[in-house]
Amino acid sequence: MTRNRLYLITGVLLAAGYGWLLYAWDKAHRSDFTPCIFKNTTGIACPSCGNTRSVLAVAHGDFADALLINPLGLLLALLMMALPFWIVYDLAAKKDTFYKSFRKFEQTAGIRWVAIVLVVLIILNWAWNIHKGL
């Protein structure tokens, strides 16, 4: 993937994510609001169930609640806060630090034992989501 394509895709995903959060912010007060297509179809929480509520908890400054809802939400919130500034910095300074970091992450995640650990962590998070009744 080229640098410009990565930055474009990341920008589109960030815009969609912020749009989703604005939509969800309005719906979050409803207890029956469940945006997860997987859960609505199967009745079982997916590994990312609770991410929206977790990110909204971070937005309200409630980090402990965000962690309890879904730990992945904290990572997602951090990425959503940092990536726009990182990309703007790279574009303004004509650098590619984000691109190089992404490529390094790809290489690291491609190492078999690292990939296995990441998959196991996602499965454990999924089991925890199911156990919590998300």
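**View 1. The largest nonpolar core.** In this predicted model, the largest nonpolar core is made up of 17 residues, and those with the most contacts inside it are L6, Y7, L21 and F98. At least two residues of this core come from each of α1 (3–27), α3 (51–59), α4 (63–69), α5 (71–93) and α6 (97–109), with α1 giving the most, namely five residues.

**View 2. The surroundings of Y7.** Leaving aside residues up to four places away in sequence, Y7 touches I87, D90, L91, K95, D96, T97, F98 and Y99. Among these partners, F98 is also listed, together with Y7 itself, as one of the residues with the most contacts inside the largest nonpolar core.

**View 3. The fold as a whole.** Of the contacts with a separation of 6 or more, 57% are accounted for by residues 24 or more positions apart, and 26% of the 134 residues count as buried.

**View 4. Surface and charge.** The protein chain exposes about 9,000 Å², of which carbon and sulfur atoms supply 71%. Its side chains include 13 that are positive and 7 that are negative, and the centres of the two sets lie 9 Å apart.

Key: Residues are numbered from 1 along each chain as its sequence is written. This is a predicted model: local features need pLDDT of at least 70, side-chain atom pairs count only at pLDDT 80 or more; totals for chains, interfaces and linings use all residues. Side-chain values use heavy atoms; hydrogens and water are left out. Buried means under 20% relative accessible area, exposed over 50%, partly exposed in between (1.4 Å probe, protein chains only). Contact means heavy atoms within 4.5 Å. Accessible areas come from the Shrake-Rupley method with a 1.4 Å probe; for residues, only the protein chains shown count as cover. Lys and Arg count as positive and Asp and Glu as negative; His and the chain ends are not counted. The place of a charge is taken as NZ of Lys, CZ of Arg, CG of Asp or CD of Glu. A nonpolar core is a set of buried Ala, Val, Leu, Ile, Met, Phe, Trp, Tyr and Cys residues joined through side-chain atoms within 4.5 Å. Helices (H or I, at least four residues) and strands (E, at least two) are DSSP runs, numbered from the N terminus.
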